[in-house]
Amino acid sequence: MIALEEKVVVAEMGKKGLWTRQYDIVVDGTHNHVLGQDIQKHPVSSRPIHVDFLRIAKDAELTLDIPLQFINEATAPGIKLGGLLNIVHRTLEAKCTPDNIPEAFVVDLAKAELNSSITAFSIEMPKGVKLTATEDFTVATIVSAQMAETAEEKAEDAAAAAAAAAAEKK
């Protein structure tokens, strides 16, 4: 058990890449190379109460959820035409060594057209990083506002139908 200053933990929580950032924690003179694994927060104030760290070896192969960072949204041709970015996945699971952990996978939307999709395998992986997925899948789409409204209406209709069916059973 170790104690950390709350202001240090809160500052780290405010930075991007919290779960991919590595730390060196010294306990009783021994250096421990670690990754943050979980933060327990107070249910009302959201102040950190407890932090779990995962001790890692420098040569270990890690499986981590790496966040996606979408760039050039404002210049994407599909968005300029009134399309909306629909994010399906916010992280991708990947294998890498501690020396190769990316802060995020960058998804460049500069060429994203209306009604197009971005797949996991189309995202450029940094050297030494490999996706764990064996099949390609959609991580985001650029849809027209009308399509987004239609999908939203269908979801609302389905929810209303489910509520009506549940009420009928009672």
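This is a predicted model: local features need pLDDT of at least 70, side-chain atom pairs count only at pLDDT 80 or more; totals for chains, interfaces and linings use all residues.
Q: What percentage of the residues of the chain count as buried?
A: The chain has 170 residues, of which 27% count as buried.

Q: Among contacts between residues at least 6 apart in sequence, what percentage join residues at least 24 apart?
A: In this chain, 62% of those contacts join residues at least 24 apart.

Q: Which residues lie nearest the centre of the largest pocket?
A: The lining is made up of 17 residues, and those nearest the centre of the pocket are Met1, Ile2, Leu4, Val51 and Phe53. By class, the lining holds 12 nonpolar, two polar and three charged residues.

Q: Which elements each supply at least two residues of that lining, and which gives the most?
A: Helix α1 (6-13) and the strands β1 (22-27), β2 (30-41) and β3 (48-55) each supply at least two residues. Strand β3 gives the most, with seven residues.

Q: Is Asn32 buried or exposed?
A: Asn32 has a relative accessible area of 13%, and it counts as buried because that value is under 20%. Asn32 lies in strand β2.

Q: Which residues does Asn32 touch, not counting residues up to four places away in sequence?
A: Asn32 touches Tyr23, Asp24, Ile25, Val27 and Arg55. With one of these, Arg55, the side chain of Asn32 makes a polar contact of 3.2 Å.

Q: How many salt bridges does the count come to?
A: Side chains of opposite charge can pair when their charged atoms come close. The count for this model comes to four salt bridges.

Q: Which residues are linked in a network of salt bridges?
A: Glu12, Lys15 and Arg21 are linked in such a network. The side chains of Glu12 and Lys15 meet at 2.9 Å, N to O. Glu12 also forms a salt bridge with Arg21, where the closest N and O atoms are 2.6 Å apart.

Q: Which residue meets Lys7 in a salt bridge?
A: The partner of Lys7 is Glu5, with a distance of 4.0 Å from N to O. Lys7 has 62% relative accessibility, and because this is over 50% the residue counts as exposed.

Q: Where does Lys80 lie, and how many residues separate Lys80 from Glu113 in sequence?
A: Lys80 lies in helix α2 (residues 77-80). Lys80 and Glu113 are 33 residues apart in sequence, and their C-alpha atoms are 9.2 Å apart in space. Lys80 counts as exposed at 61% relative accessibility. Leaving out residues up to four places away in sequence, Lys80 touches Ala74 and Thr75.

Q: What is phi of Asn72, and where is the place of Asn72?
A: Phi of Asn72 is near 60 degrees, a positive value in a residue other than glycine. Asn72 is in the loop between β4 (62-71) and α2, and at 34% relative accessibility Asn72 counts as partly exposed.

Q: What is phi of Asn115, and where is the place of Asn115?
A: Asn115 also has a positive phi near 60 degrees, and is a residue other than glycine. The place of Asn115 is in the loop between β7 (105-108) and β8 (116-119).

Q: Where does Ser122 lie, and which backbone oxygen lies 2.7 Å from a polar atom of its side chain?
A: Ser122 lies in the loop between β8 and β9 (130-131). The backbone oxygen belongs to Thr119. Ser122 is partly exposed, with a relative accessible area of 49%. Ser122 and Asp136 are 14 residues apart in sequence and 8.7 Å apart in space, C-alpha to C-alpha.

How values were computed:
Residues are numbered from 1 along each chain as its sequence is written. Side-chain values use heavy atoms; hydrogens and water are left out. On a 1 Å grid over the protein atoms alone, a cavity is a set of points where a 1.4 Å probe fits but cannot get out, and a pocket is an open set with protein on both sides within 12 Å along at least five of seven lines; lining residues have an atom within 4 Å of a point. Helices (H or I, at least four residues) and strands (E, at least two) are DSSP runs, numbered from the N terminus. Ala, Val, Leu, Ile, Met, Phe, Trp, Tyr, Cys and Pro count as nonpolar, Asp, Glu, Lys and Arg as charged, and the others, Gly among them, as polar. Buried means under 20% relative accessible area, exposed over 50%, partly exposed in between (1.4 Å probe, protein chains only). A polar contact is a pair of N or O atoms within 3.5 Å; within protein, one must be able to donate a hydrogen and the other to accept it, and residues adjacent in sequence count only if both atoms are side-chain atoms. Contact means heavy atoms within 4.5 Å.
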